Amino acid sequence: MASFFLFLALISFPFCSPLQPELQSFVPTSLSLPQIHSGSPLESETQFEFESESDSDSPALSLGLFHAEAFSSPVDTPESLFHTRLRRDEFRVNALLTAANASRIGAGFTSSITSGLAHGSGEYFTRIGIGTPPRYVYMVVDTGSDVVWVQCSPCRKCYSQADPVFDPKSSSSFLGISCASPLCRRLDSPGCNSRRTCMYQVSYGDGSFTVGEFSTETLTFRKTKVDNVALGCGHDNEGLFIGAAGLLGLGRGKLSFPTQAGPRFGNKFSYCLVDRSATAKPSYMVFGQSAVSRTAVFTPLLTNPKLETFYYIGLTGISVGGSRLSAVTPSLFKIDAAGNGGVILDSGTSVTRLTRPAYLALRDAFRAGASHLPRAPNFSLFDTCFDLSGKKEVKVPTVVLHFTGADVSLPASNYMIPVDTSGRFCFAFAPTMSGLSIIGNIQQQGFRVVFDLASNRVGFAPRGCVSQ
């Protein structure tokens with residue numbers, strides 16, 4: 001009789017085997033050389049087409065973005081460019097951690113502002129006009145920095161840049177700021193020279209820096225002029241910024257470009273970062289109401305009272321293969337009373353870094369779900385790699401990042417990345433021993449990332465990078 005009931009149980013519940021992980025298709029494409037960008041005197045007139053939350057005619061501006069690899073040398077190989085990118089990434093992460101630590105220590109003018117940008121770590125550039133008439137130069141765009149600055153003549157010490165160094169005497173709109181100006185007092189630790197002109201300094205995690213006069217100037221984005229932007233005119237600049245003339249700070253601080261120009265553009269901007277190998281599609285940035293996508297899912301911006309520059313968001317969990325990871329809890333990403341921890345969204349970091357317990361849980365779950373794929377040796381900071389040589393398509397476990405109020409499902413190409421030209425692909429996450437986790441630009445590729453500062457939220461619009 002017992003055997004009869006066992007037989008009935010087996011035929012009544014034929015699907016009691018463990019659930020299969022949720023998979024998605026991935027088409028492996030090995031490393032390739034990027035399209036080399038050749039600069040023109042004026043910013044490209046490429047127009048961008050995108051849906052937005054509003055059809056209003058409110059002021060807006062758009063600008064093209066170029067990845068650092070678009071400025072590579074003809075002798076570079078795909079492998080050498082990737083190694084360089086990973087080195088920049090290491091510098092970048094170290095600089096972010098240094099910035100987070102410095103914010104809790106405090107400093108004088110000689111190291112007054114610590115930026116998230118590290119020596120040579122610029123990932124994305126744009127071309128804008130400085131002054132009147134505008135002189136067009138390449139600028140690093142960086143969500144981990146606040147102060148806008150440009151190299152200026154006369155140079156006591158300047159690094160090499162692609163364009164002539166900006167001469168403030170040639171601009172009718174350049175205006176120095178007095179030490180008594182409220183703008184000068186917005187600097188964390190302003191300086192003052194013998195002429196009572198406000199002085200600024202931005203210091204970086206590796207010891208490089210820019211020092212000079214703090215001023216106001218007109219910036220031109222294609223055909224849109226933005227007047228009276230506070231910017232540093234750097235006469236002593238030590239570091240390597242891959243040909244850029246300076247930096248457009250996009251952080252949350254008092255002196256960043258979004259904060260300064262916010263009222264004109266509704267305190268909203270967004271960017272689309274396309275896969276560096278997808279050369280037919282440009283990356284771009286938009287300021288204004290049209291920056292907000294109808295299809296975006298939003299998560300609230302969080303505040304770290306110890307560090308105002310970075311964009312903190314709440315990561316509450318991660319799913320792999322359709323199953324939520326029980327070991328990845330919100331407590332792993334909390335900002336404590338001292339300002340430690342948290343999760344920031346960053347344009348200049350390539351590979352997402354997670355606190356070690358979260359990373360290990362994510363990695364182990366992905367390995368288990370991808371056990372059908374042939375493994376390959378580890379590569380650089382990546383400890384989970386696969387040999388996909390000769391394969392036209394494979395199935396990989398899905399990965400979903402759960403933010404407060406927003407679930408972001410990643411395309412497979414945002415976490416399976418090529419590391420050589422031989423078919424080796426690695427899982428594009430890495431651990432950090434620090435409490436600070438960083439959502440990098442590889443995971444942001446293909447999303448329109450919306451910074452709606454008016455509503456204190458960040459949005460992610462999947463497949464949001466459409467251009468013509």
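F386 is buried (under 20% relative accessible area, with exposed meaning over 50% and partly exposed in between; 1.4 Å probe, protein chains only), its relative accessible area being 0%. F366 is likewise buried, at 0% relative accessibility. The model is a predicted one, in which local features need pLDDT of at least 70 and side-chain atom pairs count only at pLDDT 80 or more, while totals for chains, interfaces and linings use all residues. Residues are numbered from 1 along each chain as its sequence is written, and side-chain values use heavy atoms, with hydrogens and water left out.

Turning to the rings, a search of the whole structure gives 19 aromatic pairs, a pair being rings of Phe, Tyr and Trp (its six-membered ring) with centres within 6.5 Å, counted as stacked with planes under 30 degrees apart, edge-to-face over 60 and tilted for the rest. F366 and F386 form an edge-to-face pair, because their centres are 6.2 Å apart and their planes meet at 70°. Since F366 belongs to helix α5 (residues 356–369) and F386 to strand β21 (residues 385–387), the pair ties together parts 20 residues apart in sequence; helices (H or I, at least four residues) and strands (E, at least two) are DSSP runs, numbered from the N terminus. F427 and F429 make a tilted pair, with 5.1 Å from centre to centre and 40° between the planes, and both residues are buried. One aromatic cluster is formed by F221, F257, F265, F269, Y271, F287, Y311 and F451.

Charges also sit over rings (NZ of Lys or CZ of Arg within 6 Å of the ring centre and within 35 degrees of the ring normal). R457 lies over the face of F298, 3.6 Å from the ring centre, and R127 over that of Y138, at 4.4 Å.
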